[in-house]
Every structure is written in C-alpha cells, then in structure tokens.
Amino acid sequence: MITPKSSLDSAHKLLEHSILHHAGEPVGTLAALDPALVAPNYAECFIRDFVPSALVFLMEGKTEIVVNFLRMVLDLRVQQPIILGHERAQGLMPASFRIPNDGEEEDMPSADFGDRAIGRVAPVDSALWWTLLLRAYVNTTGDIKLAHSHEFQEGLRLNLQLYLKENFETSPALLVPDASFMIDRRMGVHGHPLEIQALFYGMLFTTLELLLPGPDNDHLLAMCKKRLQTLRSYVRIYYWLDAERLNEIHRYQSEEFGHDVTNVLNIYPESIPDWIDGWLPKDAGYLLGNLGPSRIDFRFFSFGNLLSILFGLTTSAQAEQIMCLFESRWDQLIGEMPVKICYPAVEGDEWSYTTGSDPKNRPWSYHNGGHWPCLLWAFTGAAIRTGRRDLAKRAVTIAAARLEQDDWPEYYDGKKGSLIGRRANLRQVWSAASLIISHHLLENGSALAGFESFTIRDETPQSASSLRAEKLLQDGGTVNLMMPRERKTG
Ligand code: GLC
C-alpha cells in the first residue's frame, strides 16, 4: 500500500467532518475546514469541489449524500438572481450553496451564482459537473429511475437548452467568460478554454445517454449529437500540439482570406512563445489551453488535458502522448506536489495584463503555475486509463508523503510546488478526497471499475493527422475546414 494508513485515516476524518446536513440529511461537503479561512465562502459546498467527495462516497457505498446533493442543486436553480433587463438562464446551476444555522428544515439553503464570489464570476462549469456526477451516480447504483424522473429529465433538458443556445459562436467549442470554471479569477481563460470543452463534451455525451427521446427532446438530441461529433473532431484536430503541428504553425501563412485556407484563425507564427521551443519532447503532445482569432494559448493546463483523456475527447494515441509529456517534464508538472495547474506561469507585464495584477495569482502561485493536490484523482485515473500505473504510483507516493503532515493544503507555490501556498487554506476537503480516490484506484479493483463507468470511453481510433486528411477529402477543399457549416439557401 503506497498511501500510509495514517494519511488515509486523516483524510477520511476530514471528509467526514466536512459533511453538511439539511433537515437531518447529508447534502454536501464544505470546501475547507480551516478555522482561519481565507474567504468566507470556503464554508460553503461548491458544486465542483463536491465531485471528488462524491466519488469517494460512491466508491465506498455511501450513495445517499450524492443523490441528496443532486436533488438539492436542481432545486436551488430557482434562486438565481436576475440582472435587471435580463431573463433567467434556466439551466444555470449555482457555484456553491450554504446551509444557514443548524440546517433546520425551515432554514432554506442559500445558493450563490457568482454574486458572492470574488470578481462576480459566472459558474459555467457547475451544470456540466452536475450532469457528469449524475452519470457516475446512475452507473454506480443502477438507479436509472432517478435520471428518468420528471424532475431530472427537465433538468437535463434545461441544461442542454442553455448550453446549446446560440450566442456569438464561430466554432463548435463553447464560448465562455474569463474565470468561469475551476480557475475562477481572471487568468486570460476567456473564450474557448480547454477545461470547459472537456466538461462540455462529457455533458453532451451523458445527456445523449440519459435524456429520453420524445417530441420535446428529439430536436435537441439531434443537435446534441451533431455538436458532440463536431466538437470532438475540432478539439482533436485544432487543439492538438505536437512537434509536427508546431512546425506547421511555425511556417503558417497569415492574412489569408476566404473559406479555402489553412490558417483559418489567422495565427501569426510570431505569437509562438519562446519557451515552447525545446520544451515539447518529440514523442509527446498536449491539447492547447485555448483557441481564438489570432490567438493560441500555448500554456499547458493539466486538468483540461486529464479530463479530455478521462472523457474520451482525445484519441488513445493523444492520451498516451499527454502522459508521456508528464513523464518527460515530471519536475515541472509534478515536482514536489502533484499536479501543476498550468505551465508556465505568466510573469512581468504579461502577468499584469493577464491577471489584472492579481497578487494571489503571482507567478508560480495559486492558479498561475501553482500545484493543486485536488487534481491528483484525475491524474491517477488518466494514468491508469493509458496503462501508466507507474506514473500514478509515483505521483501518489509524493502526495501521500506530504499532505497529511502539511494538514491538507489547498495548493502549493513555487516552480516545483515545494512551498505551501501563501494564502492557501489548510484542511481543504478536495485535497483529502483526491488522495482517497487515488488510493482506491490503485488498490481496489471494484472502485476502479466504478470509476471507469464514471469516465467515458469514446474510442474513435483516428489520429489527429488522419482526421485532418479525412476532413480535407470530405470538404473537397471548398468548405471552411475549421468550422463545419451547413449552407442554407432560399
Ligand atoms: C477557489 C478555487 C475554486 C474552488 C474554490 C473552493 O476559488 O479556484 O476552483 O472551487 O476555491 O475550493
């Protein structure tokens, strides 16, 4: 056993103490139990933070809290405050909720849709995580009745309506504001950040499985299926970066006009950052952080890459190459605490204009190149999925040796993650849950099977280059390669 028993016991104790009750029922877990919390909303249940807790509960047969949570979040949607002159986005789910007083029945839980959060950020990822958690619950318990109930069918439909709604889209990827997911402070992650695309893909896949066909749903389901296919090809082709593609971008023509062009987003080769030359090993690759007009964000975002592996958004070959990158750049991406959230950090003037001079996001701290133990579960799962159990064991050994001793910090600072984060909470619940999940995945066959049914296997065997060649043939070189379009006339 690579996780010491005392660490596991301490992690379980923290998780147990974090459980929130309402009307006598367990409904969620607090974000952190630090007596000196750095912000008051850490004493709430965050939708995204609850997912690792829920995975532990599902693996350990405590399914009641998960179903209560799923119901509660669905009910809380009505509390969304509406800006004057706007309409309610019915599928939007809160970022977090709190249970007032002692959780008495008459005291209604109160949801936050970003209004109480720093920077007033919109929680785009919440409904995506909720849908994926519903899938995990149904797969683990076999309780398909819950997903087919009127309330949950309506929930799935409203989510799909919201996330498929047309705004100002120019690609199959989902367009979002900055700070709308785990990275919930300004970090230049507006537009089409990878993590959102992976979650969106998982949500589309799940909705196709769980939303029943019928007159109200058929059109939506058809749109969902198309969007899933175009998003998958788009990410596999255009977000992918390896040595071959880097060369191609390096030699791009720019300022091309019309449909029949290669450099559709008009990426200037001059925008390739210096650090990438020599950093990307020959046999490795990864999905880029973001794509937009004349914009590639070359930063490596771990969670988006790991979730893309777990939800089958990458091809298997791409998944292996991503794990290869972790292995080759171990010191930078894992270092002294798994896992680095994004590499490299933005520094100097780039830090000022990317973060708005955010002191919490100084270079190599917090979201800007910090190390987050809560990402360990996704790393372990992705490593096992790609046959790299060896990497999972190495990472878990590093984390297990420090986390309990350091009292479960939220994040670590420094190029290698050697320092406890300057403003990190201690007793952060998803840091503990993540270690427990990783332990189960490595040691317990039935937990691994449960986890596999949470993740998605979408094995379309093509590589990014064969997909591109296929697309060229299909389009006959006349249709815009980047954004598959249907031409309507008359
Ligand atoms: C921070 C993190 C966010 C997390 C929250 C509660 O704001 O950036 O991802 O959900 O803390 O832990």
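This is a predicted model: local features need pLDDT of at least 70, side-chain atom pairs count only at pLDDT 80 or more; totals for chains, interfaces and linings use all residues.
Me: Start with α13. Which residues on its other side are exposed?
Reply: Asp349 and Tyr353 are exposed there. Exposed means over 50% relative accessible area, buried means under 20%, and partly exposed is in between (1.4 Å probe, protein chains only).
Me: And which ones are buried in α13?
Reply: Trp351, Thr354 and Thr355, in a helix that covers residues 348–355. They line one face, because they fall within an arc of 80° seen down the axis of α13. The arc is taken from the directions from the helix axis to the C-beta atoms.
Me: What comes just after α13?
Reply: Glycine 356, with a positive phi of about 70°.
Me: Now α17. What's buried?
Reply: Ala447, Leu448, Phe451 and Phe454, in a helix of residues 445–454. Down the axis of α17, the buried residues fall within an arc of 110°, so they line one face.
Me: What's exposed on the face turned away?
Reply: Gly445 and Ser446. Helices here are DSSP runs of H or I, at least four residues, and strands are runs of E, at least two, numbered from the N terminus.
Me: Switching topic. Where is aspartate 102?
Reply: In the loop between β4 (96–98) and β5 (110–112). Aspartate 102 counts as exposed because its relative accessibility is 68%.

Notes. Residues are numbered from 1 along each chain as its sequence is written. Side-chain values use heavy atoms; hydrogens and water are left out.
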